[in-house]
Amino acid sequence: MQRDIAEVFNAQPHRRQFLQAAGMAALGYSASGWVPQLAHALTADPKRRRHCIVLWMSGGPSQLDTFDLKPGHANGGEFKEIDTSVSGLRFSEHMPRLAAQASQLAILRGLSTKEGDHGRGTYLMRTGHVPGGPVRYPAIGAAVAKELGSDDADLPQYISVAPYQQFNQAAFGAGFLGPRYAPAVVDEQRRANPGEAEAYADLRFGNLVPAGGTNGQVADRVALWREFEGGFLTAHRAAVAQAHETIYQRTLRMMNSSAAGAFDLASEPTKVRDRYGPGVFGQGCLLARRLIEQGVSTVEVNLGDFIGPTSNWDTHQNNFTTVKDLSARLDAGWSALLEDLAERGLLESTTILWMGEFGRTPTINAMGGRDHFPNAWSCVLAGGGIRGGQVYGRTSDDGMTVEDGKVAVGDVLTTLCVALGIDPKQQNISEMGRPIAIAEGEPIQGVLA
């Protein structure tokens, strides 16, 4: 191997990028002057690369305490509404930075499903299909990465940051698309050490930590592996063996690429890291921005890991304390992500979907919590292909029913595909030989740009 693995993961930003930035500064240009023109040029280019970011909220976030408050009603709870940058659109008081970015967001308040169980709801929302039966449906991230990604890319085209998979592991994979389209998982390395809770989250590929040895020793190991693998592949031409070979080749390519420097969050200024927030979600959003800059097609960032008392959205008790804490993390990470993508001219080519497995009950239980509620809840779309600054759908004054703009999960995923420039009816062949569309529903024309 030409470069030491640790060196690759500690790489500084690409020299050409540095020279470009230095050259612009020397000429007296500021980012505010030329970035909008660059963004316009990128948007007008039909061949521009598209990107998808899924912000997954484990546990099921409360719609009534985030994007669909009910002030003045007994179900409304203790949070107040605040104005946003869009007239008439109001959010929770605990998301002020997102409120300032409201012109980028399309709030879907009429989402309605039938799965109130964590495992089943997780599978439904992430694949578009109810669990059960012989078909292993792919997560929507894997399906869109297959369409948007490039086989020539140096980095994996579907990267998942800190996924909480315990509810339903099958909902996080590539299903019948196979391991070639499975996500590369980046995880927090210090979760079990509470003494480091205040430090920045340490996000790394847990299974790619260097095993030690000199460059020459590592090169010898790779040569030996290639010798064994080559012989095996000659005798075994099955799809599984080919997929295994593809994954290893992509891993080696990534470790020898300057693009792997995207994982080095320490190269970012402290004020940038602080703006995203120090936790897993905030630093995950920062990593998502850096990966999108390097051409990764699909990134997923999770908020909710069930480790601490206020660490996830499953708020059967102490709903308001927990949601306040989670909203602060969501507000910092997501708003910084929107700002940075827009400044770099990447928001118009990046579509963002925010969702969990279901909503929470409008009624507040005896423990100050809200329970599972799939009947009438919210998700949010933003970025490229989306007409932001609006609410689509309306729930009743008590939040119990959808009164207008009712949509199903298939409609949401179909809309995401259209916004990304993907034909949702594009079919893949399942392991049962059955053609299956990427998403099955109707695009929500009102939120498409």
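This is a predicted model: local features need pLDDT of at least 70, side-chain atom pairs count only at pLDDT 80 or more; totals for chains, interfaces and linings use all residues.
1. A residue is called buried when its relative accessible area is under 20%. By this cut-off His118 is buried, because its relative accessible area is 10%.

2. His118 belongs to helix H5, which covers residues 118-127. Its side chain forms a polar contact of 3.1 Å with the side chain of Asp314. Leaving aside residues up to four places away in sequence, His118 touches Gly59, Phe167, Asp314, Glu357, Phe358 and His372.

3. H5 is mostly covered, with nine of its 10 residues buried. Besides His118, the buried residues of H5 include Gly119, Gly121, Thr122, Tyr123 and Leu124. Met125, Arg126 and Thr127 also belong to the buried group.

4. The two ends of H5 deserve a separate remark. At the start of the helix, a side-chain oxygen of Asp117 comes to within 3.0 Å of the backbone nitrogen of Gly119. Just after the helix, Gly128 adopts a positive phi of about 85°.

5. How many cavities of 30 Å³ or more does the structure hold? There are two cavities of that volume. The largest cavity has a volume of about 80 Å³. Its lining consists of 13 residues, and those closest to its centre are Thr127, Pro138, Ala143, Ala437 and Ile438.

6. Which elements supply at least two residues each to the lining of the largest cavity? They are H5, helix H6 (140-148) and strand E17 (435-437). By class, the lining of the largest cavity comprises nine nonpolar residues, three polar residues and one charged residue.

7. The second largest cavity has a volume of about 40 Å³. Among the residues that line this cavity are Thr127, Gly128 and His129. The lining of the second largest cavity also includes Gly410, Leu413, Ile438, Ala439 and Glu440. Its residues divide into three nonpolar, four polar and one charged.

8. Thr127 links several of these points. This residue is one of the buried residues of H5. Thr127 is among the residues closest to the centre of the largest cavity, and Thr127 also lines the second largest cavity. Ile438 likewise is named for the largest cavity and for the second largest cavity.

Technical notes:
Residues are numbered from 1 along each chain as its sequence is written. Side-chain values use heavy atoms; hydrogens and water are left out. Helices (H or I, at least four residues) and strands (E, at least two) are DSSP runs, numbered from the N terminus. Buried means under 20% relative accessible area, exposed over 50%, partly exposed in between (1.4 Å probe, protein chains only). A polar contact is a pair of N or O atoms within 3.5 Å; within protein, one must be able to donate a hydrogen and the other to accept it, and residues adjacent in sequence count only if both atoms are side-chain atoms. Contact means heavy atoms within 4.5 Å. On a 1 Å grid over the protein atoms alone, a cavity is a set of points where a 1.4 Å probe fits but cannot get out, and a pocket is an open set with protein on both sides within 12 Å along at least five of seven lines; lining residues have an atom within 4 Å of a point. Grid points are joined across faces, edges and corners, and a volume is the space filled by probe spheres set on the points. Ala, Val, Leu, Ile, Met, Phe, Trp, Tyr, Cys and Pro count as nonpolar, Asp, Glu, Lys and Arg as charged, and the others, Gly among them, as polar.
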